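Biologist: Before I use the terms in your report, I would like to hear what stands behind each of them. Please take them one at a time.

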Amino acid sequence: MENTKRKPINLPRMERKQPHIWDVIDLLRAVENHGDKTLFRYFVGKELLSITYSEFAKKVRETSAAFKAMNLEGEKIVIIGDTAPEWICAYLAALASGCVAVPMDKELHIDEIRKFFGIVNAKAVVYGKTFNEKFIKSIEAGDTTVQYFIPMIPAYNSDFDHKVITFEEVLACGRERIEREGYEYPMIHNRENLAEMLFTSGTTGTSKCVMLCQKNIFSAVNSAVETVCFYPDDVLVSVLPVHHTYELMCLMAAMVYGMEICINDSLRHVMRNFKLFRPTGLVLVPLFVNTMYKKIWSEAESSGRAKALKTGVALSKTLLSIGIDKRRSIFKAVHDAFGGRLERIICGGAKLNPELVAAFEDFGICVCEGFGITECSPLVSVDRYYNRKWGSVGPAVPACSTRISEEFSDGIPNEAGFLEGEIQVKGDNVMLGYYNNEEANADAFTKDGWYRTGDVGYMDKDGYLYITGRCKSVIVLENGKNVFPEEIEEYLADIDTIAEVVVVGRKAKDSDEIILTAIVYPSIDKFPTGATKELIQESIRNSINQINRRLPSFKQIKAVELRDTEFEKTPTKKIKRFLVK
């Protein structure tokens, strides 16, 4: 890939007036104003359907009215499943009716989901078809908190009086109420009241539940609208999981613009769907960007066009140096693979190799990297399309301020001439706190009220952030998933042949992919005298494989390393994780 010292080609700054969104009611008003424009295109089975902005706004109102009729105001409503108009409708209706929305990861084990139901005292759950059978079993087991199970696509019909009520029946209930007595969304008197709860990881042992209010949520949405280069006639393909605050925020920002959002139905079909939907913009994590880049070159190699592609890159750069941009014609085959209209990619969720930004620039596709964290709703900064700096995640968005804490700095400037330290955030986007977790809240904020991100970096003279590492143990995978090693270690501690273990992220041998690796100090006395290192490693590997079957795929241990000595520990016998290499 190309040396990134050359300057990126920045787009001209355009002034675009969009309504300021103070809360969900403002967002729904903007949705209604877009009228008969197509909002979503999506699959139901193999059938491709669409819904307009006005049709969707009507469904949100009906759902909100139904939640009122079901006495769910102020209650917690879990939403879980694949991205679908019904998912987003339930989320917005929950916010609009004074409920608390609780998006959950569809990859969680059903036992964990039920535990989380209990933690938040959920009264209703709206779910995708993959949960039909799982939740039927929960109903039969006698769930103690959930009053309504609402399948988006039911496995069977049900009566409204029963515990299972289909999403269509919810809409019918709301429609009947509106026709009979009318319905207006309740006024939002305090934008700082709890509106959303999100679990940061997958087990109740170490998970934290982030609490967000409407001010948090929509300050991030407004910041996305104000700082990202999108327009009302853009087409976006939704690829990432919708329960992620990153994806959900971007979808709501797209709705403010009036963009068309096309929902990818499967990762297996993503390239096919790019050609079908012909996006002008994408919101991705580094794993997708890297995969797209590899696919471009692998197809060029297999078709015998690799040499021509390299020649095209050199020719394009020569033309650009004299002010001539022919990238879309020179790289027509590359653009056609993504539908022929792709202009820009927003990338966040994990650190992106800046060489990939330069590589896509060569093809005429603008990549802007951003930085966020669930606790900040999630947007903190984004590289400005009109003044990009490769390797930077940009300056802070309008919703917040950022600073570099000297507490974590060694006082010595780095090669760029700036001090490195923990990135800290303060602003309207910063969460209310963690639910029922005073210890975590005390650790999360400084004495003067700044949120401690746990990310290490520096800020240049223009206020642009550069992330260089982490001071927290969380492992960020290329797909944007956060893995807290302590929770995996809790499982591994149950293996009697393991004396001590630390889980780290390592680069795979044959790629740049980050994989979870268990570094193990074995319990030698559990093995026969004279057992070889190979036998010990194989035994522990087999035991870990048993644990893997209980975990989501992104939390599974992929590699095992043995060590001959105990880990270095603090006086309180805690492993000094930062010393583990």
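Modeller: The protein has 17 helices and 24 strands. Helices (H or I, at least four residues) and strands (E, at least two) are DSSP runs, numbered from the N terminus. This is a predicted model, in which local features need pLDDT of at least 70 and side-chain atom pairs count only at pLDDT 80 or more, while totals for chains, interfaces and linings use all residues. Residues are numbered from 1 along each chain as its sequence is written, and side-chain values use heavy atoms, with hydrogens and water left out.

Biologist: How do you know whether the radius of gyration agrees with that of a compact globule?

Modeller: The radius is taken over C-alpha atoms, and the globule rule is 2.2 Å times the number of residues to the power 0.38. For 581 residues the rule gives a value near 25 Å, and the protein has 25 Å, so the two agree. Along the principal axes, the C-alpha atoms fill a box of roughly 75 × 70 × 55 Å.

Biologist: Why is Gly 81 called buried?

Modeller: Buried means under 20% relative accessible area, exposed over 50%, and partly exposed in between (1.4 Å probe, protein chains only). Gly 81 has 8% relative accessibility, so it counts as buried. Across the protein, buried residues make up 55% of the 581.

Biologist: Where is Gly 81, and what does it touch?

Modeller: Gly 81 is in the loop between strand 3 (76-80) and helix 3. Leaving aside residues up to four places away in sequence, Gly 81 touches Trp 87, Lys 106, Gly 128, Phe 131 and Val 242. Contact means heavy atoms within 4.5 Å. The C-alpha atoms of Gly 81 and Gly 128 are separated by 4.3 Å, although these residues are 47 residues apart along the chain.

Biologist: What describes the packing of helix 1 and helix 2?

Modeller: Two packed helices are described by the angle between their axes and the distance between the axes. Helix 1 (residues 24-33) and helix 2 (residues 53-69) pack at about 145°, with axes 7 Å apart. Axes are lines fitted to C-alpha atoms, for helices over the stretch in contact, and angles run from 0 to 180 degrees between N-to-C directions.

Helix 1 contributes Leu 28, Val 31 and Glu 32 to the contact, and helix 2 contributes Tyr 53, Phe 56, Ala 57, Val 60 and Arg 61. By class there are 6 nonpolar, no polar and 2 charged residues in this contact. Ala, Val, Leu, Ile, Met, Phe, Trp, Tyr, Cys and Pro count as nonpolar, Asp, Glu, Lys and Arg as charged, and the others, Gly among them, as polar.

Biologist: What makes a set of points a cavity, and what makes it a pocket?

Modeller: On a 1 Å grid over the protein atoms alone, a cavity is a set of points where a 1.4 Å probe fits but cannot get out; a pocket is an open set with protein on both sides within 12 Å along at least five of seven lines, and lining residues have an atom within 4 Å of a point. Grid points are joined across faces, edges and corners, and a volume is the space filled by probe spheres set on the points.

By this rule there are 3 cavities of 30 Å³ or more. The largest cavity has a volume of about 60 Å³, and strand 12 (344-347) and strand 13 (366-372) each supply at least two residues of its lining. Strand 12 gives the most, with 3 residues. The second largest cavity, of about 50 Å³, takes the most from helix 8, with 4 residues.

The second largest pocket has a volume of about 1400 Å³. Of its 49 lining residues, the closest to its centre are Asp 82, Lys 106, Asn 264, Asp 265 and Ser 266. The lining divides into 25 nonpolar, 14 polar and 10 charged residues.
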